[in-house]
Amino acid sequence: MAQQRFGADGWVAIERHDHVAELIMDRPKAMNAVSTAMADSLAQACDELAADRSVRAVVLTSTHERAFCVGADLEERNSLTDAELMRQRPRTRAAYTGVLELPMPTIAAVHGFALGGGYELALACDLIVADGTATVGLPEVSVGVIPGGGGTQLLPRRVGAARAAELVFTARRVPAPEAAELGLVDQLVEEGRDRAEALELAARIARNSPLGLRAAKRAMRLGHGLDLRTGLDLEDGAWRSVAFSGDRTEGVAAFNEKREPQWPGE
């Protein structure tokens with residue numbers, strides 16, 4: 001299947017599987033460490049996906065056998081002056097924000113190391129499927145910084161403030177079984193099956209209304225942390241955005257006619 005490559009080095013690719021897009025990290029020599037160029041490529045790929053109305057779900061994967069992503073490229077970071085690091089910051093932040101703000105459901109397929117910024121990329125997704133080799137964690141304080149790709153905000157939302165504090169403050173790495181027990185990942189699968197299972201889950205999701213999926217994600221993401229009444233008002237707005245759409249008309253008709261819907265996506 002043809003791939004669309006991004007960046008001069010081609011370290012990020014998109015491969016389409018019908019209405020599912022696979023967002024592939026492919027920087028094998030660095031275990032997908034996020035350099036400035038890698039971050040730019042991720043941001044560009046996310047811009048492409050966000051604008052593609054045919055995509056109903058995205059799976060973030062890695063081609064490296066032993067790593068999803070090991071986080072920031074510390075070798076590059078070590079060579080940067082303070083001024084260069086400040087100029088780099090918006091570019092790396094755009095990569096994490098690009099994944100986080102994709103309007104369709106997203107799934108991370110994690111194996112091997114997902115550390116620091118690598119785990120933050122997974123946290124930016126709606127769901128995390130991990131195999132038995134996965135090791136996750138946010139060890140940034142052990143090298144004198146903090147999780148800066150969304151980790152201090154996304155991890156507490158996933159596992160609660162106290163659990164997130166323990167994980168961030170100790171900088172410890174969590175193996176797959178414990179990660180599943182603590183809710184750091186959502187689905188634990190057999191070794192080597194993370195990508196296949198994530199793509200299958202995405203395919204099941206993609207059978208549903210593209211407008212409905214985007215509206216539901218928007219309501220859940222924006223409603224998190226709001227008081228109940230405000231959240232319900234936000235949900236009502238999301239409902240109104242799809243209730244009079246072609247997708248709703250087709251969905252109701254297909255249900256009554258006992259057939260698979262052919263979503264117009266409008």
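**Entry 1: helix α10**

Which residues of α10 are buried? I began there and found Gly 231, Ala 238, Val 242 and Ala 243 buried. For my notes, buried means under 20% relative accessible area, exposed means over 50%, and partly exposed lies in between, with a 1.4 Å probe and protein chains only. Seen down the axis of α10, the buried residues fall within an arc of 130°, so they line one face of the helix. That arc is taken from the directions that run from the helix axis to the C-beta atoms. An α-helix has 3.6 residues a turn, so residues three or four places apart point the same way.

I then turned to the other side of α10. The face turned away from the buried side carries the exposed residues Arg 229, Asp 233 and Arg 240. What covers the buried residues of α10? The cover includes α9 and α11 (246-256). Contact here means heavy atoms within 4.5 Å.

I also looked up the length of α10. Helix α10 covers residues 228-243, which is 16 residues. From its first C-alpha to its last it reaches 22 Å, close to the 22 Å expected at 1.5 Å a residue. The expected span is 1.5 Å times one less than the number of residues.

**Entry 2: ground rules**

I noted that this is a predicted model, where local features need pLDDT of at least 70 and side-chain atom pairs count only at pLDDT 80 or more, while totals for chains, interfaces and linings use all residues. Residues are numbered from 1 along each chain as its sequence is written, and side-chain values use heavy atoms, with hydrogens and water left out. Helices (H or I, at least four residues) and strands (E, at least two) are DSSP runs, numbered from the N terminus.

**Entry 3: helix α1**

Helix α1 holds 15 residues (36-50) and should span 21 Å at 1.5 Å a residue. Its end C-alpha atoms are 21 Å apart, which agrees. Its buried residues include Thr 36, Met 38, Leu 42, Cys 46 and Leu 49.

**Entry 4: salt bridges**

How many salt bridges does a search of the whole structure find? I noted 15. A salt bridge is a side-chain nitrogen of Lys or Arg within 4 Å of a carboxyl oxygen of Asp or Glu.

I looked up Lys 217 and Asp 126. Their side chains meet in a salt bridge at 2.9 Å, N to O. The pair links distant parts of the chain, 91 residues apart. Lys 217 sits in helix α9 (residues 210-223), and Asp 126 sits in the loop between α4 (117-123) and β8 (127-131). Is Lys 217 buried or exposed? Lys 217 counts as buried, because its relative accessibility is 7%. Asp 126 counts as partly exposed, at 27%.

Asp 126 also forms a salt bridge with Arg 221, with the closest N and O atoms 2.9 Å apart. This pair too links distant parts of the chain, 95 residues apart, with Arg 221 in helix α9. Arg 221 is partly exposed, with a relative accessible area of 30%.

Next came Glu 166 and Arg 172. Their side chains meet in a salt bridge at 2.7 Å, N to O. Glu 166 is partly exposed at 26%, and Arg 172 is partly exposed at 24%. As for networks, salt bridges that share partners join Asp 126, Lys 217 and Arg 221 into one.

**Entry 5: the sheet of 7 strands**

I traced an open sheet of 7 strands, in the order β1-β2-β3-β4-β6-β8-β11, with mixed pairing. Two strands pair if DSSP finds at least two bridges between them. β1 (3-6) and β11 (187-189) stand at the edges with a single partner strand each, so one side of each is left without a neighbour in the sheet. The twist averages 20° from one strand to the next. For such angles, axes are lines fitted to C-alpha atoms, for helices over the stretch in contact, and angles run from 0 to 180 degrees between N-to-C directions.

I stayed with β8. Strand β6 (residues 106-110) pairs with β8 in the parallel sense over 4 bridges. Ile 107 has Leu 127 as its bridge partner in β8, and Ala 108 stands opposite Ile 128. β8 and β11 run parallel and are joined by 3 bridges. There, Asp 131 stands opposite Val 189 in β11. Why is β8 largely enclosed by the rest of the structure? Because 4 of its 5 residues are buried.

β5 pairs with strand β7 (residues 113-115) in the parallel sense over 2 bridges. Cys 69 stands opposite Ala 114 in β7.
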